[in-house]
Amino acid sequence: MTHSHTHAAGRRTGTSSRHGGRSAAPVPPQSPARRGPGGRRLLGVLLLVGLLASVLPWWLGTPAGSLRSTAATVTAAGRISGLIAGYLLLVQVLMMSRLPVLERWIGGEHMARWHRDIGATLLVTVLAHMSLILVGYADLRNQSIFAEVGTLLGDYEDMVSAFVATGIMMLVGFSSVRAIRRALPYELWHLLHLSSYLILLLGFGHQFTHGAQLYKPGPVRTGWIALYLLVIAALLWGRVIAPLAFNLRYKLRVADVVAESTDTISIYLTGERLGRLAMLGGQHFRWRFLTRGCWWQSHPFSVSAAANGRWLRVTVKVVGTHTADLRDLDPGTRVWAEGPSGTFTAAHRLRERALLIAGGSGITPIRAMLEELPPGAALIYRARTPADVLLSRELDWLAQERETSVWYVIGSRDDPGPRQLMSPDGLRQLVPDVARRDVYLCGPPGLVEQSVRALRRAGVPRRQIHLATFEL
Amino acid sequence: MRRALLAITGLAASTTALVVFKGSPGTTQVAQNLPTAQPVNPTPQDVEPSADPSGVAPKPSKTGDAPTSPKPTKSTARPSGTRTTTKAAPRTTTKAPQSTTRRVTGNGFENEYGYVQVQIVVSGNRIVEAVALSLPSGGESDIHSGDVRNRYDGGGGEVVQKQNANLNTVSGATETSNSYKQSLRSAIEQAF
Amino acid sequence: MRATLTRPGLCRVEQIMGTAITLDLADDLPPATLRELADEVFAWMREVDARFSTYQPDSEVCRFDRGEVLLSEASADLRYVLETCADLWGATDGFFDAYATGRLDPSGFVKGWAAQVASDRLVAAGAVNHCVNAGGDVRVRGLSPSGEPWRIGIRHPWDAMAACLVLSGTDLAVATSGVYERGRHVLDPRRGAPASGLRSVTVVGTDLGVADAYATAALAMGTPGLNWLARLDDHTHAAITDNARQYHSVNLPLTD
C-alpha cells in the first residue's frame with residue numbers, strides 16, 4: 001500500500017501549545033449551518049444587470065442609423081467601452097471594499113479570482129476605450145493619432161489625469177502578472193496596488209466633462225455619481241467603519257506567544273465579549289500588532305482554532321523580518337484585527353463529507369475547521385520533514401474526537417511515496433469517495449496546483465474544491 | 001485568466017453587436033421629407049431661435065405660434081424658431097403667399113461631442129429656416145449655466161441669464177462644425 | 001389665419017459662405033423693388049464668397065496667397081481687405097491674425113465686412129430700414145418691421161435656443177465670436193495654444209467687419225481680453241466667461 005512512506009509524525013520539536021487541543025474546545029462545536037453559493041450567484045447576476053444598465057444610456061441616446069461613417073462607428077465603440085470600463089472600475093473597487101456582506105457572500109478565494117479577472121478585463125477595456133476614441137476622434141478631425149493625442153491632452157479638461165490614470169492602471173496590471181509579481185517585493189507590489197485608488201480619483205473627471213452620456217445633467221449623470229458615492233461608501237464602511245466597530249467591541253490583546261516548532265509560533269489573543277464573536281474555523285483576519293515595529297504592516301493569518309469564546313489563536317511560520325518580530329510580542333500588546341473573512345469554512349461545503357489537504361503551515365485554517373466539520377472527514381497533511389508538522393497533538397486528539405482519518409505524508413515532493421499518494425489513483429485509494437467530497441486545500445502554491453490537478457483527474461468537480469487565499 | 005479572456009471576448013463581441021445594430025439604417029429617416037401643404041410663412045428664420053411667440057402676436061394671435069407644422073421628429077419639444085415681427089397692423093405683403101413649405105431633414109452626423117442633425121424648411125426653392133434637431137450642447141458648462149442661473153454674484157460679473165424677449169435677430173458665433181455643415185448640405189441636396 | 005403674412009418688407013435667407021445669411025428689409029417699398037434689392041445683396045454676398053473663399057482654390061484670395069496675383073493686380077476690394085486686416089493686426093496686438101493658420105485667411109473679417117458693405121449699399125439705394133445677419137454677425141439700420149428699433153438677441157452660450165442679452169438700436173453692428181461646443185477653441189495666435197477663459201464675446205460698433213475682428217481677437221486673448229475690450233473707446237462689448245459670468249460695458253445699448 002502507499003502507506004509505506006507515510007507515517008504518523010507525532011514528534012514535536014518545540015514546546016507544545018500550552019492549552020493543547022483538549023482544553024481549547026471541551027465540547028466540539030456543532031457544524032455551523034451551511035452557506036451555499038447563492039449569494040455569490042445573486043451578486044454575479046446583479047453585476048451583469050449593472051453592466052447592461054451602464055451601456056443602456058448609450059443605446060437610448062444614439063439614434064438608429066446614426067453611425068454611418070467608420071469614424072462614428074469607432075467612436076461609438078469607444079464610448080461603449082468607456083462606459084463599460086467606468087462600470088468595471090467601480091465593481092473592481094467594490095470588490096476591494098472588504099464590505100462584510102461581500103466577503104461573506106463571495107469569499108476570499110472567489111473574490112481574488114473575480115478581482116483578477118475583472119482587473120484584466122478592465123485593463124483591456126480601458127485600453128480599448130482609449131484607442132478607439134483616439135482613432136475615432138482623429139478620423140473625425142482628419143488628423144493623425146499623435147496629433148489627436150496632443151489635442152486631447154492640450155484642449156480637453158481632465159484628460160491629462162485620465163491618461164495618468166490609464167498609466168497607473170497599466171502599471172498595476174502588469175505588476176500583477178504572476179511572474180512579474182513574484183519578482184517584486186511584496187511592499188512595492190502592495191504600494192503599487194494601493195495607488196489604484198488614484199485611478200478612481202484621476203479617472204473621475206473626464207467621464208463627466210467629456211462623457212457623451214454623462215456630461216448632461218440628468219438621471220444618467222446622477223445615477224453614475226450615485227454609483228460612485230455608493231462604492232466610496234462601501235469602501236469607507238468595509239475599510240474603516242466596520243473594522244473600527246469590530247476592534248472597539250472586542251479589544252483584542254496578545255495574551256501569550258508560544259513556540260510550536262523551531263520556526264513556528266502561536267499567538268494567543270484575548271479580548272472582550274469573545275463569546276459573541278461570529279467566526280468560523282478556516283476564516284482569517286488581517287492583523288496589525290500595535291507595537292513600534294509592526295503596526296504599519298497588516299498580514300492575513302488564519303485563526304488556528306475554532307471560536308471558543310475565550311481566546312483566539314493564530315499560528316504563524318516565522319519567515320521574513322515582520323513575522324520574526326512577532327516572536328517578541330509582549331503580552332498585553334493591542335491588536336488591530338480586520339475580519340473575519342473567507343469562505344474557506346465548513347459552512348461553505350457542498351457535500352456532507354470533506355477531504356482536507358494541508359501543506360506545512362497551511363494546517364492552521366484546516367485545524368480550526370476540523371472542529372466544525374461533521375464526523376467522517378479525512379485529512380492529508382503534507383510536510384517536508386517531521387519537524388515541519390505542526391499541532392500534531394491537537395490533530396490526533398481531533399481525529400479521535402471527530403472520527404477523522406489523518407494521514408501525515410512526509411517527504412519531499414519528488415519522493416516516490418508522496419508523489420504516488422498525491423496522484424489521482426493515490427487519492428482514490430486513500431479516500432475512495434473523494435469525488436463525492438468537498439476538498440479543502442491550503443498550503444504552498446506548488447502543492448495546491450499539483451493537488452488540484454490530481455483531484456480534477458480523480459473526478460472531483462471544480463466547485464467542490466476550496467482554496468484558501470490570503471492574497472488580498 | 002480563462003474567464004477574463006472570455007469576458008473580454010464577450011464584451012468585444014457585444015460592443016460590436018451594439019454598434020452594428022445602431023449602425024444599420026433604422027427608423028430615423030421615416031419622418032423626414034414630409035411635404036406639408038400650407039401657406040408660406042413670410043417671416044423666415046435662419047438658424048437662430050428666439051422668442052416667446054405670444055409676445056407681439058398679431059391679432060388672430062392663436063396662429064402666431066404655429067408658423068409651420070410641428071416637427072415630425074423627436075425633437076418636437078425644442079422650441080422651433082418662431083418669431084413675431086409685426087404689429088397687428090396689416091400692411092402690404094411683398095411675397096407671393098401661396099406656395100408650399102417642406103421640411104427636409106439632413107442626415108445625422110456624429111462628431112466627438114455627439115450627434116448632429118439639421119432640418120431645413122424650404123418654401124418654394126428657398127430655405128426659410130434651418131434648425132438643428134440634434135446638437136451636442138455645452139457639456140460641463142451646462143452645469144454652470146444651470147447652477148448659477150438666476151443668481152447674482154457681485155464678485156465678478158453678472159450671471160448669465162436667459163432671455164426670451166421678442167427678437168428680430170440673434171447675434172452669435174456660427175455653428176461651424178463639420179457635422180453641422182454636412183448635415184445641412186445633405187438636407188439641401190435632398191431638398192433641391 | 002396666417003396673419004403673420006401681413007408685414008411690410010421682405011425677409012430672405014440663403015446659404016452662402018458656409019452659413020446662413022438673413023436679409024430683413026423693413027421698408028414698405030414695392031415688392032418688385034424689394035426683390036431687386038434682395039437679389040443685389042445676395043449676389044454681392046455670393047460674389048464675395050467666390051472671391052474670398054479659402055475653400056475654393058480659384059478664388060482671388062487663394063490665388064493671391066499662392067502668388068499668382070500680385071498686390072498691384074489685386075482688386076480694390078482685396079486690397080482694402082488686406083489693408084484693414086493689417087490695421088486690425090496692429091490694433092488687436094496681433095490677436096487678430098489673417099495669417100494665423102499659416103496661410104492667408106481673412107474670413108474673420110470678410111464676413112462682417114461683406115454684410116457691412118451690403119448694408120451700406122442698401123442705405124444708398126434708399127432702403128434705410130433693414131437687418132443683415134451674416135452667420136450671427138448682425139448689421140441693423142433704421143427700424144424693424146414693427147416700427148420699433150431692432151431687437152438683437154445675443155445667443156446664450158449654453159443654450160442655442162435662448163438669448164442671454166438683448167440689444168436694441170437703429171444703427172448697430174453687432175458681432176459675436178464664441179466657442180459653444182466643448183473642446184472647440186480659438187487659437188491664441190501668439191502661443192499657438194487654445195485660448196481659454198471666455199466663452200463668447202460680442203462687440204458692438206458701427207463697422208461690422210471691425211467689430212467681428214475685435215470679437216475674434218478678444219476671444220483669442222482669453223480673460224485678459226476683457227481689459228483690452230474695456231479700452232476700446234468707440235466700441236461697446238459684452239463677454240461671457242467659461243464660468244458663466246457676464247461682463248459688459250456700461251453704455252452697451254441693452255434693453256429688456
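Let's start in chain C. The axes of helix α4 (residues 107-124) and helix α5 (residues 208-221), both of chain C, come within 6 Å and cross at roughly 155 degrees. Axes here are lines fitted to C-alpha atoms, for helices over the stretch in contact, with angles from 0 to 180 degrees between N-to-C directions. So α4(C) is roughly antiparallel to α5(C), a label for angles over 145 degrees.

A word on the source. This is a predicted model: local features need pLDDT of at least 70, side-chain atom pairs count only at pLDDT 80 or more, and totals for chains, interfaces and linings use all residues. Residues are numbered from 1 along each chain as its sequence is written, while chains are lettered from A and ligands numbered from 1 in the order in which they are written.

Back to the helices. Helices (H or I, at least four residues) and strands (E, at least two) are DSSP runs, numbered from the N terminus. Which residues in α4(C) meet α5(C)? Among them are C:Phe109, C:Lys111 and C:Trp113, and on the α5(C) side they meet residues including C:Leu208, C:Asp212 and C:Thr216. Contact means C-beta atoms, placed from the backbone, within 7 Å.

Now chain A. Strands of a sheet pair through backbone hydrogen bonds, either parallel or antiparallel. Here, two strands pair if DSSP finds at least two bridges between them.

Take strand β2 (residues 264-270) of chain A. Of its 7 residues, 6 are buried, meaning 20 or more other C-beta atoms lie within 10 Å of a residue's own. Strand β1 (residues 253-261) of chain A runs antiparallel to β2(A), joined by 7 bridges. A hairpin of 2 residues links β1(A) to β2(A). β2(A) also pairs with β5 (residues 312-317) of chain A, antiparallel, over 6 bridges. Look at A:Ile265: opposite stands A:Ala259, and in β5(A), A:Val316.

Key. Angles under 35 degrees count as roughly parallel, over 145 as roughly antiparallel, 65 to 115 as roughly perpendicular and the rest as oblique. Two residues are in contact if their C-beta atoms, placed from the backbone, lie within 7 Å. A residue is buried if 20 or more other C-beta atoms lie within 10 Å of its own, exposed if 12 or fewer, and partly exposed in between; C-beta atoms are placed from the backbone.
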